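Here's a quick walk through one model, helix pair by helix pair, with a stop at a pocket along the way. Have a look at it first.

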Amino acid sequence: MERNNLSQAIVELREILKQDPNNGKCHGLLGLAYLKQEQLTMAKIHINKARKVSPQDPIVIKAKLALDKVLPESGQSKSSDKPQGRGFFGLFGRKK
């Protein structure tokens, strides 16, 4: 990752995770690599996994902060964004 060879870094980090699937530092680094490649879904998956297994690791904290800059709502539930009681896809029952 230091040489900005993100594709190779991702391959190597995924190989490490095959050996040690609960390596929080590796999940955090992989999340950062995916963020740099703008693969936000994959970044979010790996950073959240890293937070579960190694919440105090400095790399995991850095990865979470980077994710929050890109996706500020990543720590919140998206269900609050949905209108409640609006009927059929929001077409009926709209308040005027």
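## The pocket and the helix pairs

Sorted by class, the largest pocket is lined by four nonpolar, two polar and three charged residues. Keep in mind that this is a predicted model. The pocket's volume comes to about 240 Å³. Which residues line the largest pocket? They are Met-1, Glu-2, Arg-3, Asn-5, Gln-8, Ala-9, Glu-12, Leu-13 and Ile-16.

Now for the helices. Here are the pairs side by side.

| Helix pair | Axes | Angle |
|---|---|---|
| H1 (residues 6-19) and H2 | within 10 Å | roughly 155° |
| H2 (residues 24-36) and H3 (residues 40-53) | 8 Å apart | about 160° |
| H3 and H4 (residues 58-70) | within 10 Å | roughly 145° |

Let's start with H1 and H2. Their axes cross at roughly 155°, so H1 is roughly antiparallel to H2. H1 passes H2 in a left-handed crossing. On the H1 side, the contact is made by Leu-6, Ile-10, Leu-13, Arg-14, Ile-16 and Leu-17, and H2 brings in Cys-26, His-27, Leu-29, Leu-30, Ala-33, Tyr-34 and Lys-36. By class, that contact splits into 10 nonpolar residues, one polar and two charged.

Next up is H2 against H3. The two pack at an angle of about 160°, which means H2 runs roughly antiparallel to H3. This crossing is left-handed too, with H2 passing H3. From H2 come Gly-24, His-27, Gly-28, Leu-30, Gly-31, Tyr-34 and Leu-35, and from H3 come Leu-40, Met-42, Ala-43, His-46, Ile-47, Lys-49, Ala-50 and Val-53. The tally for this contact is nine nonpolar, five polar and one charged.

H3 puts in Leu-40, Lys-44, Ile-47, Ala-50 and Arg-51, which meet Val-60, Ala-63, Lys-64, Leu-67 and Val-70 of H4. How many residues of each class make up this contact? Seven are nonpolar and three are charged, with no polar ones.

Definitions and conventions:
Residues numbered from 1 in each chain as written. Predicted model: local features only at pLDDT ≥ 70, side-chain atom pairs only at ≥ 80, totals over all residues. Heavy atoms only, no water. Axes fitted to C-alpha atoms, helices over the stretch in contact; angles between N-to-C directions. Helix = DSSP H or I, 4+ residues; strand = E, 2+ residues; numbered from the N terminus. Parallel < 35°, antiparallel > 145°, perpendicular 65-115°, else oblique. Left-handed = near helix turned anticlockwise from the far one by under 90°. Contact = heavy atoms within 4.5 Å. Nonpolar A, V, L, I, M, F, W, Y, C, P; charged D, E, K, R; others polar. 1 Å grid on protein atoms, 1.4 Å probe; cavity = no way out; pocket = protein on both sides within 12 Å on 5 of 7 lines; lining within 4 Å. Points joined across faces, edges and corners; volume = space filled by probe spheres on them.
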